[in-house]
Amino acid sequence: MSDLINILSIIDDKSQLINFPKLDPNSFKPAVLTLIQRLKDTVKAVKSSNREPTWDTLVTPIEDASENLSYVWSVVEHLNSVADTPELRVTINELLPPISEVFSELGMDEKLYAKYKALKAEKAFEKFSATRQRVINKELEGFVLAGAELDEPGKKKMADINREEAELSQKFSENLLDCTNEFALYLPEDTDELKGVPEAELHLFAQQAAAEGAKGYKITLHMPNYLPIMQYAEDRDLREKMYHAYVTRASDFSPAGKDNLPIINRLLELRVEDAHLLGYKNFAEVSLVRKMAESPEQVVSFLRELAAKAKPAAEKEMEELIDYGRNQLGIKDVQTWDLSFISEKLREAKFSYSENEVKQYFTEPAVLKGMFGLVEKMFSIKIKEKKAPVWNDDVKFFVIEDKEGKEIAGFYMDLYARSGKRGGAWMNDQISRREVNGKIQKPIAYLVCNFAAPVGDNPSLLTLRDVETIFHEFGHGLHHMLTRQTELAVSGISGVEWDAVEMPSQFMENFVLNWDVMQTITHHVKTGKTMPRELFDKLVAAKNYGAGMANVRQIEFALFDMLLHMDTHPEKDTVNKILNEVRKEVAIAFPPEYNRFANSFSHIFAGGYAAGYYSYKWAEVLSADAFSLFQEKGIFNPVVGNKWLDEVLSRGGSRPAMESFVAFRGRKPSVDALLRQYGLVESK
C-alpha cells in the first residue's frame with residue numbers, strides 16, 4: 001500500500017495527469033476535509049482584511065481554494081459514477097454533508113457578499129473587462145439565490161435543505177444503479193426465447209454468462225442488453241418481462257429501501273421550501289433565474305406549441321404501428337413493450353434496412369476517427385491518443401493540439417457499459433481553462449457513454465443513435481475544451497445558461513447524416529468498406545421515421561418536469577397526478593399501470609435538470625438554426641466553422657448565450673429550422 005498516492009497531492013500540479021490506479025481511496029475523505037478547512041480559512045482571511053477589496057485580494061483567493069476542493073471532489077464523484085464500490089459509496093455519503101455545508105456557508109456569507117458588493121462599487125470596477133464585470137454580477141446573483149439576504153433562521157433552513165437535497169439525490173442514483181445491476185436473466189443455450197436477436201448480441205449475452213463461469217446467456221438491464229431485446233426478440237413474454245423489470249426499477253416493486261418515490265416526494269417538498277424562502281412562488285421560478293427562458297409560463301407555452309406541431313404526426317405514426325403490428329405481425333393487442341419491436345420491423349419493411357445492418361458499418365474506431373477528422377478540419381486542431389493512467393483498461397485518453405502543435409486540452413473516453421457504472425451518457429469537466437500565475441491551465445474533460453463492449457476480436461459496433469450520442473457528448477467536450485476564457489467562472493460551460501448549454505452538443509449531432517461525413521465515420525466490420533450510398537439514402541429517407549413520437553415523448557418529459565416544479569404545495573400523489581395529466585394532453589403511447597417512469601428520471605432528481613429538462617428542446621431550436629448556416633454556406637466551410645468557434649465555443653459564459661447566438665447567426669433564433677429538420681413543416 002506504500003506506493004499509493006494521497007489524492008490531496010493532485011492539486012500540487014494540475015498540469016500532471018492523475019494517476020488513477022495509484023490513488024489511495026483511504027485518502028479521499030481526509031483530503032476533502034482538509035480542503036474544506038482550507039477554503040474556510042481562506043474565506044475567513046479575506047473577510048478579516050480591512051483593505052478595500054480588489055480582484056486579486058478577493059476573487060482570486062476564493063477561486064483558488066474553491067477550485068482545489070472542487071477538483072478533488074470531482075475526481076471522487078467521477079469514480080463513484082464510473083467505478084462504484086461499497087467503500088467509495090460510504091465515503092461519498094460521509095462527505096456529502098460537509099461539502100454541502102461549506103458551499104452553503106460560502107453562498108450565504110453576508111460579510112463575503114458585502115465584499116463583492118464593495119468591489120462592484122469601486123471605481124476600478126468600471127475599468128474591469130466586460131468578462132470580469134459579468135463574473136462579479138453573476139457572483140452577486142449567486143449570493144442572493146444561495147440565501148445571503150436571508151435572516152439567520154432562514155439561512156439555517158436553507159443550509160439544511162441543501163444538505164438533505166444532496167444526500168437524497170445521491171441515494172436516488174444509488175437505488176437506480178443497484179436495481180439495474182441486481183437484475184439478471186439467465187437463459188439456457190438451447191432457448192427459443194432469443195429468436196430474432198442478432199448474432200452480435202447473442203455473443204455478448206454468452207460472453208457475460210461465460211464471465212461468471214456459466215453456460216447459456218446472461219441478460220441485464222444495461223442498455224446494450226435491454227434495447228436489442230426490445231427491438232428484435234420475437235418472444236412477447238420475454239419483451240414484457242424485460243420491460244417490466246426496466247420500468248419498475250427503484251420502485252415499490254424493488255427490494256425494501258430501494259423505492260425512489262419517497263425520495264422524489266421529499267425532494268419536491270424541499271425545493272418548494274427553497275423557493276418560498278427566497279420569495280418565489282415555486283422552484284421553477286428559481287430554476288429559471290439563470291436560464292434564457294424568462295418564466296415557467298413561457299416554457300410551458302413553448303412546449304405546448306411544439307406539441308401541437310408534433311402530435312398530429314405522432315398520432316399517424318402510432319396508428320401505422322398498431323396497424324402493422326396487427327395485420328403483419330399478428331399482435332392484436334399492441335402494448336408498450338411491443339412498440340420498439342414493431343417499429344424496427346416496420347422500418348425494415350418501409351426502408352429496406354435494419355439497425356443491425358447499419359451497426360456493421362459503425363465500428364467504434366471508424367466513428368472516432370471520422371468525428372475527430374471533422375472537428376480537426378473545422379477548427380484547425382489535431383487530436384491524438386496519448387498513454388495515460390486510467391481507472392479502467394477500456395478507457396482512452398486524448399489530447400487536442402492547436403495548429404502550431406501546442407497541447408491545449410485533453411479528454412478521457414469511457415465508452416462501454418459495465419457493472420458499477422452509472423447508465424446514460426455525459427460529459428464532465430475534470431479541470432477548466434484558467435490563467436494561474438501567468439500560465440494557462442489546460443482544460444480536461446471526461447466523456448462517458450454506455451455502449452456495447454467489443455465481443456471477441458470485433459470492435460464495438462454502434463447504433464446510429466449511439467453515433468449521435470458520442471457526437472453529442474463530444475460537442476459538450478469541445479465547448480469545455482476549446483474555450484478561450486481565462487476566468488474560471490465563465491470558462492468552458494461554466495456560466496452558460498443551462499438551457500443553452502445543450503446547443504453545442506445538439507449542434508454536433510447534425511453532422512452525422514451528411515454524406516461526406518458518413519464516408520469518414522463508417523468502416524464495415526467484415527469488409528472494411530464505407531457505407532454505400534444506397535444505404536445512406538435509406539437512412540436519410542428514414543431520418544424522420546418516428547420523429548413525431550420521439551418529439552412528443554421528450555415534450556412529455558419536459559412538460560411533466562416543468563409543471564411538477566411549478567406546483568406550490570406538492571403532495572404525495574402529485575407526481576402521478578401531473579404525469580397522468582401531461583400524458584392525456586400530449587402523449588400518444590400510454591404505458592401500463594405498473595410503469596414507474598419518474599422513479600428513474602435521474603435528470604431531474606439527481607442530475608441538475610430540475611425545471612430544466614425543457615433545455616433539450618429549447619437548445620435544439622438554437623442548434624438547428626445554427627446548423628442551417630452550415631447548410632447554406634457549406635458543411636466544411638472553414639469561415640463558418642471558425643465563426644462558430646469564435647462566437648460560441650470559445651466564449652463560454654463570458655456573455656449571454658443569446659448574444660453569442662446572434663453574433664454567429666446574425667439574428668435571433670427561429671423554430672422553423674427545427675420543424676423543417678423533423679419534417680413537421682415543408683422545407684423552403
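How do the residues of the lining of the largest cavity divide into nonpolar, polar and charged? The model is predicted.

Five strands make it up, in the order 3-4-5-9-6. The sheet is open and its pairing is mixed. Strand 3 (382–385) and strand 6 (426–431) stand at the edges. Each has a single partner strand, so one side of each is left without a neighbour in the sheet. From one strand to the next, the twist averages 25 degrees. Ile383 has Ile400, in strand 4, as its bridge partner. Strands of a sheet pair through backbone hydrogen bonds, either parallel or antiparallel.

Now turn to helix 16. This helix lies across strands 3, 4, 5, 6 and 9. Its direction makes an angle of about 170 degrees with strand 9 (444–451). Helix 16 spans residues 464–481 and includes His472. Is His472 buried or exposed? Its relative accessible area is 8%. Buried means under 20%, so His472 counts as buried. Beyond its neighbours within four places in sequence, His472 is in contact with Glu502, Ser505, Gln506, Glu509 and Tyr616.

Next comes empty space. Rolling a probe the size of a water molecule over the atoms shows where such space is left. The model has three cavities of 30 Å³ or more. The largest cavity holds about 70 Å³ of space. Among the residues that line the largest cavity are His479, Val496, Met503, Arg655 and Ser660. Helix 17 (503–509) and helix 25 (657–665) each give two or more residues to this lining. Here is the answer to the opening question: the lining has seven nonpolar, three polar and one charged residue.

Several elements each supply at least two lining residues, including helix 2 (55–82), strand 7 (434–436) and strand 8 (439–441). The lining of the second largest pocket has ten nonpolar, four polar and ten charged residues.

Methods. Residues numbered from 1 in each chain as written. Predicted model: local features only at pLDDT ≥ 70, side-chain atom pairs only at ≥ 80, totals over all residues. Heavy atoms only, no water. Helix = DSSP H or I, 4+ residues; strand = E, 2+ residues; numbered from the N terminus. Nonpolar A, V, L, I, M, F, W, Y, C, P; charged D, E, K, R; others polar. Buried < 20%, exposed > 50% of the residue type's maximum accessible area, 1.4 Å probe, protein only. Contact = heavy atoms within 4.5 Å. Pairing = 2+ DSSP bridges. Axes fitted to C-alpha atoms, helices over the stretch in contact; angles between N-to-C directions. 1 Å grid on protein atoms, 1.4 Å probe; cavity = no way out; pocket = protein on both sides within 12 Å on 5 of 7 lines; lining within 4 Å. Points joined across faces, edges and corners; volume = space filled by probe spheres on them.
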